[in-house]
Amino acid sequence: MDFKRIILIDDNETTVFVNTDVIEEALPGKPIITFTNSQDFLDKALSSGEWFENETLVFLDLNMPGKFGYEVLEELEEEIEELDDFHVIILTSSNLMRDLERSTRFPNIIGYIEKPLTPKNLQDALSGTSSS
Amino acid sequence: MNLHDNITSDTHRLLSRQLKKSFPDGEWTEEGMIKLMQFIEASYRNTDEERKLIQRADRISSGEMQKMNEELRLKNEFLDSFNHGLAHAIKNHSSNLKGLVRILQKYCEKLKEEKILTVAEKLGNSVNQLNSILNGFLYLSRAEGLVDTQYSVIDSDRIKSEVDIEIEYLMLGRNVELEYRFELLDLYYSIQIIRIILVNLISNAIKFAKPGERGRVSVVVKNNAETLCLTVEDNGVGMDLENPNNRVFSLFNRRNAQAEISGFGIGLYMVKKVIERNNGQIKFESELGHGTKINVEFPLI
């Protein structure tokens, strides 16, 4: 899929730094927008609406201060009618069954990666062969 | 003489004494009958009171036992979630470290700075080991019952890739050859269980290879309708199974105290926990200097 942009949401700055590098390597040349606060992301995303108009890939952490990953998705579903071009990969250190099961409720989630993000598990998730 | 005879003969003695007291002349009198009846009534009352006392004591102690059990259960639960939370928190940081080291290695290779590259490689190995220990802790708290096990259809590729990711760092720089053989038939089981068993057994086989010799580790995974069978065999240093000090399953017990053999000694403890929990069985065959063969079986119902 040809993504117009890539968005990275994780409250840990080092994780954002490391993951940016992995993503740059795996998907070179794509603009990467990063957030360390889920509310900042929601404010920005909802105010312009532009990100929902063409193919966007989002890496979303689950356990964040303020709004949790799934709460972010719930709010987007409430606010935005057309979310078909918004593709989400859950990126988390949790591999608890309840988190994994919850991810199946959101049609926008195309992958679930247990941290750390590596070029390999990113490629697996993008080609739909993610085993986790 | 048992307790029953004791009581009967005591009762007997008491009764005959009372009979003599009630009927001193050996003749049945009304007065004597009344005395005897009063005695019997009093005996019943006594017995009844004793029975009530015993019941009360019983209730109190079982209540206390229940309370203590509940306290223990809560403490265990707390320890479980504490371990799990702690391991998770540290793992977040060690995952970052792993990522940072990867980036460092990438740039070192461009710079062609041998010394820095060596440092980066060693850093990478340390971080991988740290991650592996943390994964162990996470598994351990899961094995103790915090998280449900997930079952699915499993093929050989899945097993191989899940296991390889966790042991690849151990293979680095070691003269060890790892060989898999699969005979799988519609296997429906938990990949977590298979992974814990294989990763730990293979890690041990690799760590305990004979120094200076080419190590060979062969892994066999097969199943039929009833049983899943995992076998890990090596040509390593082996162990003396007759030696009672060889407590291979104890927590933090390191089979071999040699400094160059890394590990925390939680691996086989974890294997044991997982086997116990899933009604499995484990068999060891080993001889000092002649390698080890470990066979684990799980019922498939």
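The model is predicted; local features need pLDDT of at least 70, side-chain atom pairs count only at pLDDT 80 or more, and totals for chains, interfaces and linings use all residues. Residues are numbered from 1 along each chain as its sequence is written, and chains are lettered from A and ligands numbered from 1 in the order in which they are written.

Chain A contains 5 helices and 5 strands. Helices (H or I, at least four residues) and strands (E, at least two) are DSSP runs, numbered from the N terminus. Along the sequence the pattern is β-α-β-α-β-α-β-α-β-α. Chain A has 132 residues, and 33% of them count as buried. A residue is buried if 20 or more other C-beta atoms lie within 10 Å of its own, exposed if 12 or fewer, and partly exposed in between, with C-beta atoms placed from the backbone. Contacts require C-beta atoms, placed from the backbone, within 7 Å. Among contacts between residues at least 6 apart in sequence, 63% join residues at least 24 apart.

Strand β4(A) spans residues 86-92. Of its 7 residues, 6 are buried, so β4(A) is largely enclosed by the rest of the structure. Strands pair if DSSP finds at least two bridges between them. Strand β3(A), residues 56-60, runs parallel to β4(A) and is joined to it by 5 bridges. Within this pairing, A:V58 has A:V88 as its bridge partner. The chain passes from β3(A) through helix α3(A), residues 69-79, to β4(A) in a right-handed β-α-β crossover. Right-handed here means that, with the strands pointing away from the viewer, the path from the first strand over the helix to the second runs clockwise. Strand β5(A), residues 109-114, is also parallel to β4(A), again through 5 bridges. There, A:I109 stands opposite A:V88.

Helix α2(A), residues 38-48, packs against α3(A): the axes come within 11 Å and cross at roughly 15°. Axes are lines fitted to C-alpha atoms, for helices over the stretch in contact, and angles run from 0 to 180 degrees between N-to-C directions. The two helices are therefore roughly parallel (angles under 35 degrees). On the α2(A) side, the contact is made by A:S38, A:F41, A:L42 and A:L46. Helix α3(A) contributes A:V72, A:E75 and A:E79.

A:N63 lies in the loop between β3 and α3 of chain A. This residue is partly exposed, with 14 other C-beta atoms within 10 Å. A:D10 is 53 residues away along the chain, yet the C-alpha atoms of A:N63 and A:D10 are separated by 8.6 Å.

Technical notes: Contact = placed C-beta atoms within 7 Å. Parallel < 35°, antiparallel > 145°, perpendicular 65-115°, else oblique.
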